Amino acid sequence: MAVNRQPVLKRCRSLDLDPTYLGVDKKSNRTLTRASRKTSEYGLQLREKQKAKFIYGVLEKPFRNYYDKADMMKGQTGSNLMTILESRLDNVVFRMGLARTRREARQVVDHKFFTVNGKKVNIPSYLVKAGDVIEVVEDKKSLTRIKNIVEVTSGRTTPEWLDVDIDALKATVKELPSRDMIDVPVDEMLIVELYSK
């Protein structure tokens with residue numbers, strides 16, 4: 001399995017991205033000094049794709065598969081792509097406030113901490129649907145790790161498309177998010193332009 005070991009803040013600087021979108025509350029004091037060349041249209045499109053991949057922790061091949069799936073769905077391809085990325089199980093766990101970062105969400109899902117509709121799921125890329133109930137496994141609810149995470153993320157606002165009961169450590173997906181419900185700073189139309197060449 002491929003693992004991205006690049007330092008988060010360094011990558012955020014290169015993509016001109018605020019680390020808070022990843023759940024990281026650190027700030028980098030360094031500034032990126034770039035040559036004052038104008039970025040080409042292709043360069044802008046590529047940067048948006050890299051930004052989306054980095055935020056959601058998705059590699060190139062699955063990202064391309066998500067794009068192809070979004071292209072086959074009704075509606076705008078870019079909005080469909082963002083909805084698919086947002087409905088990944090690791091992202092939903094992050095949005096519930098049961099992980100500090102999406103990387104940690106991926107790890108806790110991988111370690112069988114969660115059930116979807118009563119069944120244990122350990123696939124971070126599992127796509128949730130409207131009406132799905134995501135809950136922490138009963139024997140993991142008392143772990144100090146979960147309690148610490150809840151304590152740290154208690155001030156985080158949960159999105160309107162999720163109905164979260166933090167005391168019971170569970171959430172219900174009310175509906176799949178539309179593009180205006182997703183607060184990720186990615187211009188998905190540039191990604192569509194990149195892939196449709």
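In the hairpin of S4 and S5, which has four residues between the strands, Leu-169 adopts a positive phi near 55°. This is a predicted model, in which local features need pLDDT of at least 70 and side-chain atom pairs count only at pLDDT 80 or more, while totals for chains, interfaces and linings use all residues. Residues are numbered from 1 along each chain as its sequence is written, and side-chain values use heavy atoms, with hydrogens and water left out. Helices (H or I, at least four residues) and strands (E, at least two) are DSSP runs, numbered from the N terminus.

**The sheet**

- An open sheet is built from five strands in the order S2-S1-S3-S5-S4, with antiparallel pairing, where two strands pair if DSSP finds at least two bridges between them.
- H5 lies across S1, S3, S4 and S5 (170-173), and runs at about 55° to S4.

**Packing of H5 with H6**

- H5 (residues 89-96) packs with H6 (residues 102-110) at an angle of about 115°, their axes being 8 Å apart; axes are lines fitted to C-alpha atoms, for helices over the stretch in contact, and angles run from 0 to 180 degrees between N-to-C directions.
- The two helices, H5 and H6, are therefore roughly perpendicular to each other (angles under 35 degrees count as roughly parallel, over 145 as roughly antiparallel, 65 to 115 as roughly perpendicular and the rest as oblique).
- On the H5 side, Leu-89, Asp-90, Asn-91, Val-93, Phe-94 and Arg-95 meet Arg-102, Ala-105, Arg-106, Val-108 and Val-109 of H6, contact meaning heavy atoms within 4.5 Å.
- By class, the contact of H5 with H6 comprises six nonpolar, one polar and four charged residues (Ala, Val, Leu, Ile, Met, Phe, Trp, Tyr, Cys and Pro count as nonpolar, Asp, Glu, Lys and Arg as charged, and the others, Gly among them, as polar).

**Packing of H1 with H2**

- The axes of H1 (residues 8-15) and H2 (residues 41-56) cross at roughly 150° and come within 10 Å, and H1 and H2 are therefore roughly antiparallel to each other.
- From H1, Val-8, Arg-11, Cys-12, Ser-14 and Leu-15 make the contact with Arg-47, Gln-50, Lys-51 and Phe-54 of H2.
- The residues of the contact of H1 with H2 divide into four nonpolar, two polar and three charged.

- H8 (residues 188-195) is mostly covered, with six of its eight residues buried (buried means under 20% relative accessible area, exposed over 50%, partly exposed in between, with a 1.4 Å probe and protein chains only).
- The buried residues in H8 are Glu-188, Leu-190, Ile-191, Val-192, Leu-194 and Tyr-195, and the buried residues of H8 pack against H2, H3 and H4.
- Gln-76, in the loop between H3 (60-72) and H4 (77-86), is exposed, with a relative accessible area of 53%.
- Although Gln-76 and Met-189 are 113 residues apart along the chain, their C-alpha atoms are separated by 9.3 Å.
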